[in-house]
Amino acid sequence: MNIETLCVHSPNEDKNAHAYGAMTVPIFQTATFSHPGVGESTGYDYSRQSNPTRTELEDCISAMEGAYDTVATSTGMAACSLVLELFNAGDHIISQEDIYGGSTRLFNTLGIDRGRKFSYVDTTNPENVLNAINENTKAIFIETPSNPTMLVTDIREMAKIAKKHNLLLIVDNTFLSPYFQNPIKLGADIVIHSGTKYIAGHNDTLAGFICTANEELSEKIRFMYKTIGPSLSPFDSFLVLRGLKTLAVRMDRIQENALKIANFLKTNKKVTNVYYVGLPEHLGYEINKSQSRGFGGMIAFTTDTAKTARDAFEKIEIIKYAESLGGVESLITFPMIQTHADVPLEVREKLGITDTFLRLSVGIENVDDLIRDLERALA
Ligand SMILES: Cc1ncc(COP(=O)(O)O)c(C=O)c1O
């Protein structure tokens, strides 16, 4: 099945035919399941571990990502935290420098407190990753394109390095979603998603996913999942499945809008830089093109002064000033004081996440309305 069809139809539709021919999966709003007899199971025992509504969602994501298995978590951060539990005190992880601020906070607080070690490097240059490897290195963690500066890392190169040095390659694939990019097919071992974003798509549900490439990793993650319990509720599983059905059409529309907006921003006198991987002049354009089917809907840009940036947040009308991304509504974010406030100041400054740096998550509205809104806000 092609990816657009996988968004709409579960790969197990025949196997898991719903009662009465129901088109959509029922919400199995139950904590527990009765057993037919001692030592017997219907396949479901307790919803922390598994639930039929959630299974349908997990199977859909596995099929789209080309994963061996997927678990659905209550948030993207629950997914990141669970993956971190794969590592012990003394283990060293090489992380891309530019990642979501919540992941940086996780690594720099709970990660370090429990004795793990982190190196932050610019993974757009594989040499930096090679130079950071030591005898305790266990994993490489990347986002591509990265949040918020839109850096592109070569997934195949990272997979080669990971394989050669016996490391796990973990990719946060939130920004492009499984519709545009499938890191496991390029050699990644684990894919993480904030399902809150494009996958659910409506700014109404929190969710996360961990997709694993093989049985061994799946078993480890599933054991921790049932033991720690970051499970997505049946109702939220249903909402995410509902959102997933339109992922392809939303992503196509969002990308079409984003390209027009990026080109508009380039012409605006108060905009000094535009970072969108769909622009041929973007440094990561070719690599992104070689490893994905699209550029997505995330744009970062800088303004001439801090006042222009602040005024834009005040003047914007259709586009909402809010954290998060990937929904049908366009959102504008001030990473310095919102999503990346917990990133150390020197790192933020090095990456250019300053008081003139804005991040735009393009939605599905009429693009001319969005451009007019930005024109007014940046006047
Ligand atoms: C790239 C990325 N990964 C992970 C997360 C965390 O996801 P959640 O907010 O669903 O916990 C976010 C949130 O913004 C994100 O942007």
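Tutor: Consider S1 and strand S7 (residues 208-212), which are joined by 5 bridges and pair in the antiparallel sense. Two strands count as paired if DSSP finds at least two bridges between them. Helices (H or I, at least four residues) and strands (E, at least two) are DSSP runs, numbered from the N terminus. The model is predicted, so to speak of local features requires pLDDT of at least 70, and side-chain atom pairs count only at pLDDT 80 or more, while totals for chains, interfaces and linings use all residues. Residues are numbered from 1 along each chain as its sequence is written, and side-chain values use heavy atoms, with hydrogens and water left out.

Student: In what order do the strands of the open sheet of 7 strands lie?

Tutor: The order is S1-S7-S6-S5-S4-S2-S3, and the pairing is mixed. Strand S1 (69-73) and strand S3 (117-121) are the edge strands, each pairing on one side only. On average, neighbouring strands of this sheet are turned by 20° against each other, direction ignored.

Student: Which strands does helix H2 lie across?

Tutor: Helix H2 (residues 52-65) lies across S1, strand S6 (190-194) and S7, and runs at about 130° to S1. Axes here are lines fitted to C-alpha atoms, for helices over the stretch in contact, and angles run from 0 to 180 degrees between N-to-C directions; contact means heavy atoms within 4.5 Å. Helix H4 (residues 101-113) also packs on the sheet, where it touches strand S2 (92-96), S3 and strand S4 (137-143), and its direction makes about 155° with that of S3.

Student: At what angle do H3 and H4 pack?

Tutor: Helix H3 (residues 76-84) and H4 pack at about 40°, and their axes are 11 Å apart. H3 and H4 are therefore oblique to each other; angles under 35 degrees count as roughly parallel, over 145 as roughly antiparallel, 65 to 115 as roughly perpendicular and the rest as oblique. Their crossing is right-handed, that is, the near helix is turned clockwise from the far one by less than a right angle, anticlockwise being left-handed. H3 contributes Met77, Cys80, Ser81 and Leu84 to the contact, and H4 contributes Gly102, Ser103, Leu106, Phe107 and Gly111. By class, these residues divide into 5 nonpolar, 4 polar and no charged (Ala, Val, Leu, Ile, Met, Phe, Trp, Tyr, Cys and Pro count as nonpolar, Asp, Glu, Lys and Arg as charged, and the others, Gly among them, as polar).

Student: Which domains does the domain assignment give?

Tutor: Domain bounds come from an automatic or database assignment, and here domain 1 covers 3-244 and domain 2 covers 248-377. Their centres, taken over C-alpha atoms, are separated by 25 Å. The contact takes 42 residues from domain 1 and 42 residues from domain 2.

Student: How many strands form the open sheet with the order S8-S9-S12-S11-S10?

Tutor: That sheet has 5 strands with mixed pairing, and its edge strands are strand S8 (271-275) and strand S10 (320-321). S8 and strand S9 (residues 298-303) run antiparallel, joined by 4 bridges; Val271 has Thr303 of S9 as its bridge partner. H10 lies across S8, S9 and strand S12 (357-361), at about 10° to S9.

Student: At roughly what angle do the axes of H10 and H14 cross?

Tutor: The axes of helix H10 (residues 247-267) and helix H14 (residues 367-377) cross at roughly 30° and come within 10 Å. The two helices are therefore roughly parallel to each other, and the crossing of H10 and H14 is right-handed. Their contact has 7 nonpolar, 1 polar and 2 charged residues.
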